[in-house]
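Please keep the sequence and the model in view while reading.

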Amino acid sequence: MVDDWSQAIQHDVMRIYRAKRDEAHRSVTLKYTILGFISSGTYGRVYKAQSKDEDARLHAIKKFKPDKDGDIATYTGISQSAIREIALNREICHENIVALKEVILEDKSIYMVFEYAEHDFLQVIHHYSQTLRSHIPHDLLKSLIFQLLNGLLYLHDSHILHRDLKPANILITSTGIVKIGDLGLARLTYQPLQPLFAGDKVVVTIWYRSPELLMGSKHYHKAVDCWAVGCVMAELASLRPIFKGEEAKLDSKKNVPFQKDQLLKVIEVLGKPDEREWSGMKNTPEYHNVKRLDDSPNRLDAWCKQRNLPPLAINFLSKLFIYDPDKRMKAREALSHSWFQEDPQPTFNVFQHQLNTPSQLPPHRRITLDEAPSMMPAQPTHAQHFPAQFTQPQHLPGQTHGSGTSLASLSVGHGGHTRKKARLG
């Protein structure tokens, strides 16, 4: 009798525990209202969502795709990219890094819930190139790059390489705060268990890939991210990628080919790398292929002047585009560069100087109905019943984030913390 009584109590305790656990574990759609579909990629789909809690905050929910065996979705565990992104995002916190709110495992699918940002660098480039048909103002360019570097310094001080910085992965909130996103390719650099190249033969999108990576180097460091920042800055200045090459694909044995076309695009602007300036290039696997290429002078100064960049901005960009990764300007050095000290100085709200001219402000990110099976609610029969966000671009509110106080005038400490964390409400 005692044993039966003890087992009954234990059963009741477990039942109560499971009931409380199940109550606490609410599904994605019970916690969030899915407002629309943002984008998709090899990793999965991203949706705009609103919390059903009292704060009603906006979020971006990344749903990872399940693996497929033909047309049948199968569960084979969590991908390496998802594991990295979850692990790193849970450990970091900075105003210029997209914040991860929670991770939900439901029906063998992984959902990462991030704070929401209304814009990205690619959208800003498109707005100025296609709608306004004018160059991005110098004050906006400077503020964008300063905040980008502020976030990158935090990552580097935390021993994290991003390894995929590009305009589409750099977000901006409606209050003008830059947020580095997508840490799917990021890696820790502090005493790695394996060499960085193990399992990742190709990193960084081709147009933003540094010379040491293009030349097959298996040992690289934070300088690959700083080169990418230079590429992003140049793209903001010219409204098109500065090094727009064609990527040579992996062969049948997954060997990485020589990226000749991309390297030629770099050489057209920066000239052929010189062994006297980069002694380590002779140790790269593709050195013999580079030696065969024709000599070319450095045309970066002329390229910058055609885009109306001032002398200090040209000097700044040239230091990010140094071939030798050991001599290339680091994030901390870049934040201290005199370009950020001269007027106009970078501001807390990158759109500070555009607020008086609403047409210069990019529209909010468009969201759409996703036709594929997904988290989206059933599509209404009549188009006039769609919520406004599905059909009309929205515009930034007129409020500022703080005053026009200069960011560059503030000291940069560990990770570049200069103010309390800003979140989109």
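Which residues does Ile 145 touch, not counting residues up to four places away in sequence? Ile 145 touches Val 229, Met 233, Leu 236, Phe 316, Trp 339 and Phe 340, where contact means heavy atoms within 4.5 Å. This is a predicted model, in which local features need pLDDT of at least 70 and side-chain atom pairs count only at pLDDT 80 or more, while totals for chains, interfaces and linings use all residues. Residues are numbered from 1 along each chain as its sequence is written, and side-chain values use heavy atoms, with hydrogens and water left out.

**Nonpolar core**
- The largest nonpolar core has 81 residues, and those touching the most other members are Ile 145, Leu 148, Leu 149, Phe 316 and Phe 321.
- A nonpolar core is a set of buried Ala, Val, Leu, Ile, Met, Phe, Trp, Tyr and Cys residues joined through side-chain atoms within 4.5 Å.
- Buried means under 20% relative accessible area, exposed over 50%, and partly exposed in between (1.4 Å probe, protein chains only).

**Aromatic pairs**
- The structure holds ten aromatic pairs; rings of Phe, Tyr and Trp (its six-membered ring) pair if their centres lie within 6.5 Å, with planes under 30 degrees apart counted as stacked, over 60 as edge-to-face and the rest as tilted.
- Phe 316 and Trp 339 form a tilted pair, at 4.9 Å centre to centre and 45° between the planes.
- This pair links distant parts of the chain, with Phe 316 in helix 11 (residues 311–320) and Trp 339 in the loop between helix 12 (331–335) and helix 13 (388–391).
- Helices (H or I, at least four residues) and strands (E, at least two) are DSSP runs, numbered from the N terminus.
- Both Phe 316 and Trp 339 are buried.

**Helix 8**
- The buried residues of helix 8 (residues 260–270) are Gln 262, Leu 263, Val 266, Ile 267, Val 269 and Leu 270.
- Seen down the helix axis, the buried residues of helix 8 fall within an arc of 165°, so they line one face; the arc is that of the directions from the helix axis to the C-beta atoms.
- Their cover includes helix 6 (211–214), helix 7 (223–238), helix 9 (287–291) and helix 10 (300–306).

**Strand 2**
- Six of the eight residues of strand 2 (residues 44–51) are buried.
- Strand 2 pairs in the antiparallel sense with strand 1 (residues 32–40) over seven bridges; two strands pair if DSSP finds at least two bridges between them.
- Strand 2 also pairs with strand 3 (residues 58–64) in the antiparallel sense, over seven bridges.
- Val 46 stands opposite Ser 39, and its bridge partner in strand 3 is Lys 62.
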